[in-house]
Amino acid sequence: MTNEEILKKMKKNGYLIVNHSNKLSRKNVLTQANRLANFFLQRNSTKKNKNITNILDKNNLDQKSLFNKFNILKLKHAKDSSRLYNMLGRDVCLSDHHNDKNIINTLNILFKKKNVFNVAQQIRIDLSPQYHHALAWHQDHFDLPSMNKSGIFYNISYKDSYTVWSPFTDANKNIGTMEVLEGSHNFGRLKHEYKKNKVRTKSAYLELKVPDKIKKNCKNKIIEINNSQSVIFSMNLIHRTIAGNTEGVRLTGWGRFTSTSSESFNKMVNYI
């Protein structure tokens with residue numbers, strides 16, 4: 001796409017799909033996730049626990065192998081599952097992925113060649129079809145704990161900020177993906193409510209009651225992309241999780257990007 005087409009598509013729909021230039025970045029993330037899963041499983045393994053020792057194949061990155069490993073960690077070793085989640089989100093493999101040439105070039109066009117800043121990044125590991133952390137309709141925010149406590153994110157427009165969403169396994173209706181309301185970003189920032197997580201009782205998430213005028217004027221679109229693509233979308237775009245219906249793993253990463261010359265950056269910088 002030309003620069004003009006990128007800007008036009010983002011303005012109209014609020015999102016666009018980018019092909020990766022570095023095809024190895026996906027494998028690097030999956031490999032690191034597998035290594036960490038093996039580490040925590042080995043740490044919890046015993047001679048009597050054959051369920052763990054039988055699935056420790058260090059190099060297998062297929063859906064069945066990854067599902068078995070993450071499922072055992074989530075169900076039987078929840079603390080280590082959380083540690084894996086947090087460690088992977090901070091790992092250099094995710095940062096390297098966000099530095100993909102095509103992702104950065106697209107962000108530079110959207111930010112009109114102003115300095116691009118990655119405010120936050122994280123990995124999500126969803127096990128289909130359980131989906132313990134499926135999100136309802138919402139708009140993204142910067143996900144900084146200090147900002148959440150202060151409520152400052154309610155005072156940020158986010159019109160000049162974008163999320164890069166990357167599936168490292170295929171994202172589709174079978175394993176799970178994302179649904180968007182095309183053009184909903186043009187309605188600006190909307191008020192959300194905090195909802196208690198029904199599974200993880202100590203956590204909460206933002207949920208949005210979509211106004212009727214947006215439902216009427218914005219088309220629902222289920223995003224189905226392969227693991228060599230990312231979605232870049234406005235942080236004001238309304239979207240939600242589509243849970244899968246078959247057994248498998250949906251491993252995705254996200255990064256929140258803004259420019260150091262933007263209004264959003266100037267308001268949130270004291271909370272970093």
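Student: At roughly what angle do the axes of helix 4 and helix 5 cross?

Tutor: This is a predicted model. In it, the axes of helix 4 (residues 63-76) and helix 5 (residues 78-90) cross at roughly 125° and come within 5 Å.

Student: Which residues of helix 4 and helix 5 meet?

Tutor: From helix 4 come F70, L73, K74 and K76, and they meet A78, D80, S81 and L84 of helix 5. By type, the residues of this contact are four nonpolar, one polar and three charged.

Student: What makes a set of residues a nonpolar core?

Tutor: Its members are buried nonpolar residues joined through side-chain atoms within 4.5 Å, and buried means under 20% relative accessible area. The largest such core here has 22 residues. Those touching the most other members are F70, L84, I123, I125, F168, V249 and L251. Helix 2 (24-44) gives the most to this core, namely seven residues. Other elements giving two or more residues include helix 4, helix 5 and strand 10 (248-259).

Student: What is L251 in contact with, leaving aside its neighbours within four places in sequence?

Tutor: Its contacts include V29, L30 and A33, as well as F70, I123, I125 and F168. A second, separate core of 13 residues includes I6, M10, I103 and F111.

Student: Why do strand 7 and strand 9 count as edges of their sheet?

Tutor: The open sheet has three strands in the order 7-4-9, with antiparallel pairing. Strand 7 (219-223) and strand 9 (239-243) each have a single partner strand, so one side of each is left without a neighbour in the sheet. From one strand to the next, the twist averages 30°.

Student: Where does the chain have a cis peptide bond?

Tutor: The bond from S128 to P129 is cis, with omega near 5°. P129 lies in the loop between strand 2 and helix 8 (145-150). Most peptide bonds are trans.

Terms used: Residues are numbered from 1 along each chain as its sequence is written. This is a predicted model: local features need pLDDT of at least 70, side-chain atom pairs count only at pLDDT 80 or more; totals for chains, interfaces and linings use all residues. Side-chain values use heavy atoms; hydrogens and water are left out. Axes are lines fitted to C-alpha atoms, for helices over the stretch in contact, and angles run from 0 to 180 degrees between N-to-C directions. Helices (H or I, at least four residues) and strands (E, at least two) are DSSP runs, numbered from the N terminus. Contact means heavy atoms within 4.5 Å. Ala, Val, Leu, Ile, Met, Phe, Trp, Tyr, Cys and Pro count as nonpolar, Asp, Glu, Lys and Arg as charged, and the others, Gly among them, as polar. Buried means under 20% relative accessible area, exposed over 50%, partly exposed in between (1.4 Å probe, protein chains only). Two strands pair if DSSP finds at least two bridges between them.
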